[in-house]
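Please keep the sequence and the structure in view while reading.

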Amino acid sequence: MKLNLDSAEIFVPDGLLAEQALARTTHMAVAAHQDDLEIMGFDGILQCFQRDDRWFTGVVVTNGSGSPRDDVYRDYTDQAMRVVRRKEQKKAAVVGEYAAQVLLDYPSGAVKDGSNGKPVQDIGLLLQVARPEVVYTHNLADKHDTHVAVALRTIEAIRNLPAAERPRRLYGCEIWRDLDWMVDADKVAFDCSAHENLQAALLGVFDSQICGGKRYDLATMGRRRANATYHASHSVDVTTGTIFAMDLTLLIQDPVRSCQAYVQEFIDRFAQEVSERLHRLR
Ligand SMILES: [Zn+2]
């Protein structure tokens with residue numbers, strides 16, 4: 001299979017040929033940056049960990065060259081950062097026992113440019129070979145442009161597939177802005193209580209980001225714990241870690257449905273809940 005950029009790479013931790021490795025995929029996450037998969041898509045990694053009937057494939061769309069840097073990475077050029085981040089993503093793929101780790105290597109500008117069809121083409125090709133049942137990507141209310149662009153490209157790529165070849169479910173997960181604001185009925189809550197050590201290891205390999213000045217490892221574990229506890233005010237905690245997602249499945253079942261109008265419905269339900277409570281308790 002031929003991806004658009006010569007610098008794109010399909011890394012297979014257990015050494016199978018790329019197409020074979022991808023073909024076993026059941027769960028796939030498509031993310032903007034190196035470390036996003038581990039922050040938002042842990043449910044998929046967990047579902048497939050130590051299983052031989054389920055396999056997780058991670059797809060990272062950008063090259064990560066523009067990330068902030070500090071500590072031992074302070075003087076790294078963009079090119080050196082790109083190399084480091086690619087290496088870190090492969091470490092995570094080994095730790096998490098991924099079926100395959102795809103690095104599409106686009107500059108973020110190329111992904112944010114809606115008229116550039118190449119990222120959609122690549123994601124589409126990967127979906128055709130991997131045929132995942134479940135796909136995780138960024139949620140459409142995220143506040144990072146590249147994240148939202150990747151989610152839109154992923155939706156477009158899925159919509160381009162014949163209906164029978166589309167994944168069964170598509171989830172938009174939280175990173176830059178959590179999804180605690182959604183009304184409870186809208187929340188998809190993934191129980192990520194298990195293997196906290198694995199979660200810590202997967203987040204910890206991204207040293208260039210963490211020493212780069214952002215404690216994504218602590219923040220992500222903290223968010224999972226906070227989600228678990230604050231999910232229900234009148235019952236005891238049922239999980240010790242929860243990741244919230246926005247169900248985007250309707251957008252791939254109905255290819256003409258507007259993404260913008262769909263997200264607006266979530267926002268409207270939130271607004272209605274707040275105003276109803278204030279009205280009731282006046
Ligand atoms: Zn990101």
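The text below treats the metal site, then the pocket and cavities, and then individual residues.

This is a predicted model, in which local features need pLDDT of at least 70 and side-chain atom pairs count only at pLDDT 80 or more, while totals for chains, interfaces and linings use all residues. Residues are numbered from 1 along each chain as its sequence is written, and side-chain values use heavy atoms, with hydrogens and water left out.

## The zinc site

The zinc ion is held at 2.1 to 2.4 Å by His33 (ND1), Asp36 (OD), Asp36 (OD) and His147 (NE2). Donors are N, O and S atoms within 2.8 Å of the metal (3.2 Å for Na, K and Ca); water is not among the atoms, so sites may look incomplete. Along the chain, the donors of the zinc ion follow the spacing H-x2-D-x110-H. Helices (H or I, at least four residues) and strands (E, at least two) are DSSP runs, numbered from the N terminus.

The four donor atoms of the zinc ion make angles of 55 to 130 degrees, and the site is irregular. Four donors count as tetrahedral if all angles lie between 85 and 135 degrees; four count as square planar and six as octahedral if opposite donors are over 155 degrees apart and all others between 65 and 115; anything else is irregular. Both His33 and His147 are buried, a term for under 20% relative accessible area, whereas exposed means over 50% and partly exposed in between (1.4 Å probe, protein chains only).

## The pocket and the cavities

Rolling a probe the size of a water molecule over the atoms shows where empty space is left. On a 1 Å grid over the protein atoms alone, a cavity is a set of points where a 1.4 Å probe fits but cannot get out, and a pocket is an open set with protein on both sides within 12 Å along at least five of seven lines; lining residues have an atom within 4 Å of a point. Grid points are joined across faces, edges and corners, and a volume is the space filled by probe spheres set on the points.

The largest pocket has a volume of about 290 Å³. It is lined by 23 residues, of which His33, Ser67, Pro68, Arg85 and His144 are the closest to its centre. Helices α2 and α7 each supply at least two residues of this lining.

A search of the whole structure finds two cavities of 30 Å³ or more. The largest cavity is lined by Ile39, Glu174, Thr220, Arg223, Arg224 and Ile243, and helix α10 (residues 216-230) gives the largest share of that lining, three residues. The second largest cavity is lined by Asp35, Ile39, Leu203, Phe206, Gln209, Ile210, Tyr216 and Asp217. The elements that give two or more residues to this second lining are α9 (207-210) and α10.

The table sets out volumes and linings. In it, Ala, Val, Leu, Ile, Met, Phe, Trp, Tyr, Cys and Pro count as nonpolar, Asp, Glu, Lys and Arg as charged, and the others, Gly among them, as polar.

| Space | Volume | Lining residues by class |
|---|---|---|
| Largest pocket | about 290 Å³ | six nonpolar, 13 polar, four charged |
| Largest cavity | about 40 Å³ | two nonpolar, one polar, three charged |
| Second largest cavity | about 30 Å³ | five nonpolar, one polar, two charged |

## Individual residues

Ile155 is found in helix α7 and counts as buried because its relative accessibility is 1%. Leaving aside neighbours within four places in sequence, Ile155 is in contact (heavy atoms within 4.5 Å) with Leu140, Leu170, Leu248, Leu251 and Cys259.

Thr249 belongs to helix α11 (residues 249-253) and is buried, at 2% relative accessibility. Not counting residues up to four places away in sequence, Thr249 touches Arg168, Arg169 and Leu170.

Pro167 lies in the loop between α7 and β6 (169-173) and, at 7% relative accessibility, is also buried.

Two residues other than glycine have a positive phi. For Gln50, phi is about 60 degrees; Gln50 sits in the loop between α3 (42-48) and β3 (56-62) and counts as exposed, at 61% relative accessibility. For Asp105, phi is near 70 degrees; Asp105 lies in strand β4 (residues 100-106) and counts as buried, at 5% relative accessibility.
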